[in-house]
Amino acid sequence: MDLASFLGMTFSCECGRRHAVPTRKILYAEQALDVLADVCRGDTARSRVHLFADARTWIAAGQPAERKLKEAGLRVRVTLIPDSVHGDPVCDDLTLDALKRDSPTGDVFLAVGSGAINDLVKWLSRELAIPYVVLATAASMNGYASNN
C-alpha cells in the first residue's frame with residue numbers, strides 16, 4: 001500500500017466512520033528550501049506568505065526561508081513568536097489570541113519550527129481558514145501530520 005495515496009483523501013473506514021487526511025503533500029529532502037516557494041504558492045498561485053518562527057528557528061531556517069521566498073517573488077511577512085516565561089513558546093489560548101491580535105495576513109501561513117510553533121500555526125490556520133505549510137526543524141514529533 002502506498003501511503004502517499006492517502007494524502008488529501010476522505011474515505012470510509014471499516015470502523016463505520018469517514019476519515020479525512022488533511023495533509024496534501026509531504027516533502028522530505030535536503031533541498032526543501034529550493035522548492036519552498038513552489039510549495040507555498042500551491043495550485044492557486046498564492047503570492048503572500050506569513051512566516052511564523054521563534055528566536056531559534058528564525059536563525060536556523062526562518063531567515064534562509066524568507067530569503068528564498070523573496071527571491072522567488074513572494075511577499076513575506078514575518079512574525080516571531082515570543083518565548084514564554086519558562087523558555088520556549090507555548091501553544092495555548094493566550095499565545096493564539098496574541099497572534100490573532102497581530103492581524104495575521106497572507107494567502108498561506110508558513111510555520112518554521114516544530115512542536116509549539118507548528119501547533120500554533122496549524123491552529124491559527126484552521127480558525128482563519130488560511131492554508132498552512134510547515135518547514136519542519138525537528139523530525140522527532142508527531143504534530144506535523146496529526147489531525148488535532
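Buried means under 20% relative accessible area, exposed over 50%, and partly exposed in between (1.4 Å probe, protein chains only). Strands (E, at least two residues) and helices (H or I, at least four) are DSSP runs, numbered from the N terminus. In a regular strand the side chains alternate between the two faces of the sheet.

The model is predicted: local features need pLDDT of at least 70, side-chain atom pairs count only at pLDDT 80 or more, and totals for chains, interfaces and linings use all residues. Residues are numbered from 1 along each chain as its sequence is written, and side-chain values use heavy atoms, leaving out hydrogens and water.

Two strands pair if DSSP finds at least two bridges between them. Leu110 has Val133 in strand 6 as its bridge partner. Now trace the chain from strand 5 through helix 4 (residues 115-128) to strand 6; this β-α-β crossover is right-handed. That is, with the strands pointing away from the viewer, the path from the first strand over the helix to the second runs clockwise.

Strand 3 (residues 48-53) runs parallel to strand 5 and is joined to it by four bridges. Select Val49 to find its bridge partner in strand 5, Val108. Then select Phe52 and Phe109, both buried. They form an edge-to-face aromatic pair, 5.3 Å centre to centre with 80 degrees between the planes. Rings of Phe, Tyr and Trp (its six-membered ring) pair if their centres lie within 6.5 Å; planes under 30 degrees apart count as stacked, over 60 as edge-to-face and the rest as tilted. Phe52 lies in strand 3 and Phe109 in strand 5, so the pair ties together parts 57 residues apart in sequence.

Select Leu36: leaving out residues up to four places away in sequence, Leu36 touches Ala65, Leu69, Leu110, Val133 and Leu135. Contact here means heavy atoms within 4.5 Å.

The largest nonpolar core has 17 residues, of which Leu36, Cys40, Leu51, Leu69 and Leu110 touch the most other members. Such a core is a set of buried Ala, Val, Leu, Ile, Met, Phe, Trp, Tyr and Cys residues joined through side-chain atoms within 4.5 Å. Helix 2 gives the most to this core, with four residues. Apart from it lies another core, of eleven residues, among them Ile81, Leu96, Ala111 and Ile130.

Thr57 is found in helix 2 (residues 55-71) and is buried, with a relative accessible area of 10%. Beyond its neighbours within four places in sequence, Thr57 is in contact with Gly62, Val112, Gly113 and Thr137.

Finish at Pro82, in the loop between strand 4 and helix 3 (93-101). Pro82 is exposed, with a relative accessible area of 58%.
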